[in-house]
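Take a look at the model below.

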Amino acid sequence: MPIDFRMTKKGLILLIDSYRSVEELRQDIMRKFSDAKDFFSEGDEISLMLTQETSKPDDIVKIVSLLSDLGVHVKDILVGSMEQKDVKVGQKYDLVREKITEVRGAQIIRRNLRSGQIVVHNYDVVIVGNVHPGAEVISGGSIVVFGTARGVLRAGYSQGEEGIIAAIDLSPSLLQIGNYITQEYDRFDVPSVAHVRTGRIVVEEADNVKFEVKGGTN
């Protein structure tokens, strides 16, 4: 089945094997949870398991957001393969959550993100701490890190190229804003901002950043 629940020794897993569109997946998930409504309580935690084909960062944001709207928290994201009786995990990311603020639904993370941890949020993400290599942040809006940013930073999945990525020390292994991705960019020893300008990601010192606006730069 493209979508199914699997009970394991470590808890309940929602398996997503395949789907044709996010909207179709949304309907399938809502139908699945409706059928099992007596099984779940508000605040229950599950693991979300995806295959290499279904572990698309932009879709992960929407899936986690939908499950949250259904009152179910995703405790970790697994990537692997699904057999008839066995679940084989190739990668595991612990989902880091904090209370959402009232400012545009931004999520503030008050801790360091270590290898194997991931933050997924449909709006802006603010991290008061460091993002270590092997950690990942996927944001529908912008990402701001009050610390050193390594790992993988993906912004703008809802906001598109209007999203920005800023950090006191901006040195991630990969930067993504909307549909733009880069591993090659200017690095500075001062607070820096990554943004999209003239169809590519540029990184500039925060004191000298020039954002693209209609009719030119600002």
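## Salt bridges

A salt bridge here is a side-chain nitrogen of Lys or Arg within 4 Å of a carboxyl oxygen of Asp or Glu. Side chains of opposite charge can pair when their charged atoms come close. The model is predicted. By this rule, seven salt bridges are counted.

One of them joins the side chains of R20 and E24, with N and O 2.8 Å apart. R20 is exposed, at a relative accessible area of 77%. E24 is partly exposed, at 24%.

## Helix α1

Helix α1 covers residues 22-35, which is 14 residues. From first C-alpha to last, α1 reaches 20 Å. That is close to the 20 Å expected at 1.5 Å a residue.

Which residues of α1 are buried? They are L25, I29, K32 and F33. These residues lie on the same side of α1, because they cover an arc of only 95° around the axis.

## A pair within the helix

D28 and R31 form a salt bridge. Their closest N and O atoms are 2.8 Å apart. Both residues belong to helix α1. They sit three residues apart, so about one helical turn separates them.

How accessible are the partners? D28 is partly exposed, with 24% relative accessibility. R31 is also partly exposed, with 47%.

## A pair between strands

E136 and R154 meet through their side chains in a salt bridge, 2.8 Å from N to O. This pair links distant parts of the chain, 18 residues apart. E136 is in strand β9 (residues 136-139). R154 is in strand β11 (residues 152-155).

E136 has 11% relative accessibility, so E136 counts as buried. R154 has 15%, so R154 is buried too.

## Serine 192

S192 is found in strand β15, which spans residues 192-197. S192 is buried, with a relative accessible area of 2%.

What does the side chain of S192 reach? At 2.8 Å lies the backbone oxygen of V190. S192 also has contacts beyond its neighbours within four places in sequence. Among them are I165, A166, A167 and L170. V203, E204, E205 and A206 are in contact with S192 as well.

Terms used. Residues are numbered from 1 along each chain as its sequence is written. This is a predicted model: local features need pLDDT of at least 70, side-chain atom pairs count only at pLDDT 80 or more; totals for chains, interfaces and linings use all residues. Side-chain values use heavy atoms; hydrogens and water are left out. Helices (H or I, at least four residues) and strands (E, at least two) are DSSP runs, numbered from the N terminus. The expected span of a helix is 1.5 Å times one less than its number of residues. Buried means under 20% relative accessible area, exposed over 50%, partly exposed in between (1.4 Å probe, protein chains only). The arc is that of the directions from the helix axis to the C-beta atoms. A polar contact is a pair of N or O atoms within 3.5 Å; within protein, one must be able to donate a hydrogen and the other to accept it, and residues adjacent in sequence count only if both atoms are side-chain atoms. Contact means heavy atoms within 4.5 Å.
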